[in-house]
Amino acid sequence: MNSVTVRVPAKVNLQLAVGPLRDDGYHDLVNVFHAVSIFDEVTATAETGMSVRVEGESADQVPEDDDNLAIQAALALARHAGRSYGVNLIIRKSIPVAGGMAGGSADAAAALVACNELWGLGLPMDDLLEIAADLGSDVPFALLGGTAVGTGRGERLTPLEVAGTFHWVFALADGGLSTATVYAECDRMREAMGEKVAWPRAGESLLAALRDGDARALGAELTNDLQPAAVMLRRSLARTLDAGREQGALGSLVSGSGPTCAFLAESEIHAGELAASLKSAGVARDLIIAHGPVPGPTVV
Ligand code: C5P
């Protein structure tokens, strides 16, 4: 086999409960991940060295050296296999860069799946999940797809049962936000307000809404503890979120560390109408309609 292409989805967080800051600089989380139908594609081709090229919108904001998370994934996999494999990766981006939708993690997960196949390693999912957790907190979920709750840094996953399909509108912003900066701002705001940080817990009503496929109930339960920090760092997001509520979204929140905002719709038709009204309200650089949950990385 000379070349393998893998399609991999973005994620939105339906609940992101941020617990206390740990000694290792991470926070204990309850992170309900949901994979949605915005896809990057990664093609891995056999080569002697390691190289990567990024194509698509905002490709110029993604590094094409060893800082690229997909290259780090390929290197980690080769190390795990104990061999000096080579690969050329071509990443075609549709997932917003630094947008709070785990685009970099998705590319890393796709690279793991593609190189596992290309190099004929046949490593089981459990091995890939272990390598993924070392690459980043969101990479294990990017391997899994569907809907799952993550604890620890977000890397310890339990898949969730979900009935039916949920329809979303994503409002893209100009420029990205650094995840580490948003977590640091969250800590700063909590400290300034003297807030006692509770141990994070999964929302029972949210889990029930997912089990029942009840979009209206889910809309009422969407929460993100990083949202106040993301809005503080990017004030325009307050207006974007307000516009979603005014235009009849069932729920709205900042996706992960932002700046992408997610709006839940009643149906595919409602998502189209909501995207059109948000477009005329002029509160986003672009709007994308998507649905979830969708499966994780797929060889195409
Ligand atoms: O794991 P990852 O490299 O994706 O995390 C990026 C940054 O996000 C970390 O360096 C940390 O600042 C923050 N983070 C955190 N707690 C988590 C996950 C991420 O503070 N559970």
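Modeller: Helices here are DSSP runs of H or I with at least four residues, and strands are runs of E with at least two, all numbered from the N terminus. The model is predicted, so local features need pLDDT of at least 70 and side-chain atom pairs count only at pLDDT 80 or more, while totals for chains, interfaces and linings use all residues. Residues are numbered from 1 along each chain as its sequence is written, and side-chain values use heavy atoms, leaving out hydrogens and water.

Colleague: What volume does the largest pocket have?

Modeller: A pocket is found on a 1 Å grid over the protein atoms alone, as an open set of points where a 1.4 Å probe fits, with protein on both sides within 12 Å along at least five of seven lines; lining residues have an atom within 4 Å of a point. Its volume is the space filled by probe spheres set on the points, which are joined across faces, edges and corners. In this model the largest pocket holds about 950 Å³. Its lining has 42 residues, with Leu69, Ala102, Ser105, Asp138 and Thr179 closest to the centre.

Colleague: Which elements supply at least two residues each to that lining?

Modeller: They are β1 (3–21), β2, α1 (69–81), β4 (87–93), α2 (103–118) and α5.

Colleague: Where does the ligand sit?

Modeller: A molecule sits in a pocket if more than half of its atoms lie within 2 Å of the pocket's grid points. By that test, the ligand sits in the largest pocket.

Colleague: Which residues surround the ligand?

Modeller: A residue is near a molecule if one of its heavy atoms lies within 4 Å of it. Around the ligand we find Gly25, Tyr26, His27, Leu29, Gly136, Ser137, Arg153, Thr179, Ala180 and Tyr183.

Colleague: And how should I read its polar contacts?

Modeller: Look for pairs of N or O atoms within 3.5 Å. An oxygen atom of the ligand lies 2.6 Å from a side-chain N or O atom of His27, and an oxygen atom of the ligand is also 2.6 Å from a side-chain N or O atom of Ser137. A ligand nitrogen atom is 3.0 Å from a polar backbone atom of Arg153. Accessible area comes from the Shrake-Rupley method with a 1.4 Å probe; the protein covers 75% of the 450 Å² that the ligand has on its own.

How values were computed. Polar contact = N/O pair within 3.5 Å; in protein donor to acceptor, adjacent residues only side chain to side chain.
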